[in-house]
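Grab a pencil and work through these exercises with the model open beside you. Try each task before you read its solution.

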Amino acid sequence: MSPTSVLDCIGNTPLLPVRRMVTPGMAAVYLKMEAWNPSGSLKDRIVKMILERARAEGRLKPHHIIIDASSGNTGIALGMIARVLGYRSRIFMPETKTIERRKIMQAWGTEVVLTSGADQNSHIWAAEEAARDTETYFYLNQNGDPGNWLAHYHGTGSELLAQTEGRLDCFVAGVGTGGMLMGVSRRLADAGLATRIVAVEPAEPHSRIEGLLHFDGSYTPPIWESHRVHAHVQVSDEDAFATARRMMREEGLFCGPSAGAALFAALEEARRLGGGKVVVAAACDRGERYLSTRLIEGD
Ligand code: PMP
């Protein structure tokens, strides 16, 4: 059926094999190309799901301004989707995030409120404060709404089952809200798979790998359930950015540093697991979102 709006183009992203960066004796490695969702990241899925559920349950009213805390990708997805559905939107984002994110959100007509870069969670506190006014605002609440992980359960997770024909030994993704890892891990477990689930986090507390949470104990997203994850791997900014550059030059794929971080960790898993196994890494957003950083030139 032909799509009736851009919302119908969300999800069903390709699973692409990594060709040159995998050497004989390693497990096969694939990338789930979430960057190729219409607004450029995995977050199209969750914004669509959370808003659809809220509309169906009557929680989202026509006069509401939709707000959330975002490192940028959810804000961009909300900008697009709010336009299609006819809502105003406002995003709280740390001032340290790339200028591209700000400009893309502003292009959609989303109001951007910048919060302090000194605290990695400042945007969350600001959004929660505003969300108390429930008459004016609808709080998307990606960190706490079950629609986040449900989008990855029914979407990303089900797609991976079909795309790998149920042969998936290890799934590696960065953690922001944890929605992707929670949804995918639940879906694979419900299908009876014993897939190893690997969470990637930045090694540095003030990392330039945007969208990922450095687990310093100051905040745990309410949807996060640590028992679903088998390993936490820390990746340095340098390895994440260098791997994103290699993805571009060796695989022809232009993605952001969180994809680089996930692939870096996935390649290590693939070396350890060895031939005959299947590893999938999440490529969560597009490289164009980082043109103002050292992503392309390197340090
Ligand atoms: N990569 C990027 C670039 C992101 O923006 C995010 C989400 N902030 C993630 C990975 C992690 O996704 P999740 O929120 O589902 O853990």
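**Exercise 1.** Sort the lining of the largest pocket into nonpolar, polar and charged residues.

*Solution.* Step one: the lining holds 13 nonpolar, 21 polar and seven charged residues. Here Ala, Val, Leu, Ile, Met, Phe, Trp, Tyr, Cys and Pro count as nonpolar, Asp, Glu, Lys and Arg as charged, and the others, Gly among them, as polar. Keep in mind that this is a predicted model, where local features need pLDDT of at least 70, side-chain atom pairs need 80 or more, and totals for chains, interfaces and linings use all residues. Residues are numbered from 1 along each chain as its sequence is written, and side-chain values use heavy atoms, leaving out hydrogens and water.

Of the 41 lining residues, S71, E210, G211, L212 and L213 are the closest to the pocket's centre. The volume is about 670 Å³. (On a 1 Å grid over the protein atoms alone, a pocket is an open set of points where a 1.4 Å probe fits, with protein on both sides within 12 Å along at least five of seven lines; lining residues have an atom within 4 Å of a point.)

Step three: which element gives the most to this lining? That's α6, with three residues. (Helices, H or I with at least four residues, and strands, E with at least two, are DSSP runs numbered from the N terminus.)

**Exercise 2.** Work out what lines the second largest pocket.

*Solution.* Start with the space: about 170 Å³. Next, list the lining: I10, G11, N12, R45, K48, M49, E52, A151, H154, G155 and E159. By class, that's three nonpolar, four polar and four charged residues. Helices α1 and α5 each supply at least two of the lining residues. Finally, domain 1 (6-37 + 146-296) and domain 2 (43-139) each give at least three; these bounds come from an automatic or database domain assignment.

Definitions and conventions: Grid points are joined across faces, edges and corners, and a volume is the space filled by probe spheres set on the points.
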